[in-house]
Amino acid sequence: MKRRTQVIIVLLALVVLAGCYVYPYPYPPPPGPVYYGPYTYERSWNAALDAMDDAGVRTVSADRNTGVITGVRNGVEATITVRTQADGRVRVEFGSRGPSGQDPELSNRLYQAYERRMGR
């Protein structure tokens, strides 16, 4: 009886462990409007500029030296920041702000447009 209980416990443990998912390395980017990637600054910068147009945002300023792109769409200000990190990866951040309830998904649309431009 004791042996049978041990076998059942081992089988249950194997079933539980089989249900665990291990992400491949390198880990996928976090969901949401931030991307860390191994791409060049130039490619990321150009994709970010094009993403503004794709999302219908009129670009107001684009300073490659600081990595900041700003634009406006229907009174909502959008910002994309492109930076190279110490380890060589490029970090791209998306943000928007405006009147409450006016175009709350703009940052997400910018992120999706950027992803398309990067071929993902």
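Asn74 is found in the loop between strand 3 and strand 4, where helices (H or I, at least four residues) and strands (E, at least two) are DSSP runs numbered from the N terminus. The phi of Asn74 is near 50°, a positive value in a residue other than glycine. Most residues other than glycine have a negative phi. At 56% relative accessibility, Asn74 counts as exposed; the classes are buried under 20% relative accessible area, exposed over 50% and partly exposed in between, with a 1.4 Å probe and protein chains only.

The model is predicted, so that local features need pLDDT of at least 70 and side-chain atom pairs count only at pLDDT 80 or more, while totals for chains, interfaces and linings use all residues. Residues are numbered from 1 along each chain as its sequence is written, and side-chain values use heavy atoms, with hydrogens and water left out.

**Overall architecture**

- The protein chain contains three helices and five strands.
- Along the sequence, these elements follow the pattern α-β-α-β-β-β-β-α.
- Of the 120 residues of the protein chain, 27% count as buried.
- Contact means heavy atoms within 4.5 Å. Among contacts in the protein chain between residues at least 6 apart in sequence, 45% join residues at least 24 apart.

- Strand 2 (58–63) pairs with strand 3 (residues 68–73) in the antiparallel sense over five bridges; two strands pair if DSSP finds at least two bridges between them.
- Two residues lie between the strands in the hairpin of strand 3 and strand 4, the hairpin in which Asn74 takes its positive phi.

**Thr81 in strand 4**

- Thr81 lies in strand 4 and is buried, with a relative accessible area of 11%.
- Not counting residues up to four places away in sequence, Thr81 touches Gly67, Val68, Arg91, Val92 and Glu93.

**Packing of helix 2 and helix 3**

- Two packed helices are described by the angle between their axes and the distance between the axes.
- Helix 2 (residues 41–54) and helix 3 (residues 106–117) pack at an angle of about 130°, with their axes 8 Å apart. Axes are lines fitted to C-alpha atoms, for helices over the stretch in contact, and angles run from 0 to 180 degrees between N-to-C directions.
- Helix 2 and helix 3 are therefore oblique to each other; angles under 35 degrees count as roughly parallel, over 145 as roughly antiparallel, 65 to 115 as roughly perpendicular and the rest as oblique.
- On the side of helix 2, the contact is made by Ser44, Ala47, Ala48, Asp50, Ala51, Met52 and Asp54, and on the side of helix 3 by Leu110, Ala113, Tyr114 and Arg117.
- These contact residues divide into seven nonpolar, one polar and three charged. Ala, Val, Leu, Ile, Met, Phe, Trp, Tyr, Cys and Pro count as nonpolar, Asp, Glu, Lys and Arg as charged, and the others, Gly among them, as polar.

**Buried loop residues**

- Ala55 is found in the loop between helix 2 and strand 2 and counts as buried at 10% relative accessibility.
- Leaving out residues up to four places away in sequence, Ala55 touches Arg73 and Leu110.
- The C-alpha atoms of Ala55 and Leu110 are separated by 5.9 Å, although these residues are 55 residues apart along the chain.
- Asp103 has its place in the loop between strand 5 (90–97) and helix 3 and is buried, with a relative accessible area of 18%.
- Leaving aside neighbours within four places in sequence, Asp103 is in contact with Arg73, Val76 and Arg109.
- Asp103 and Val76 are 27 residues apart along the chain, and their C-alpha atoms are separated by 7.3 Å.
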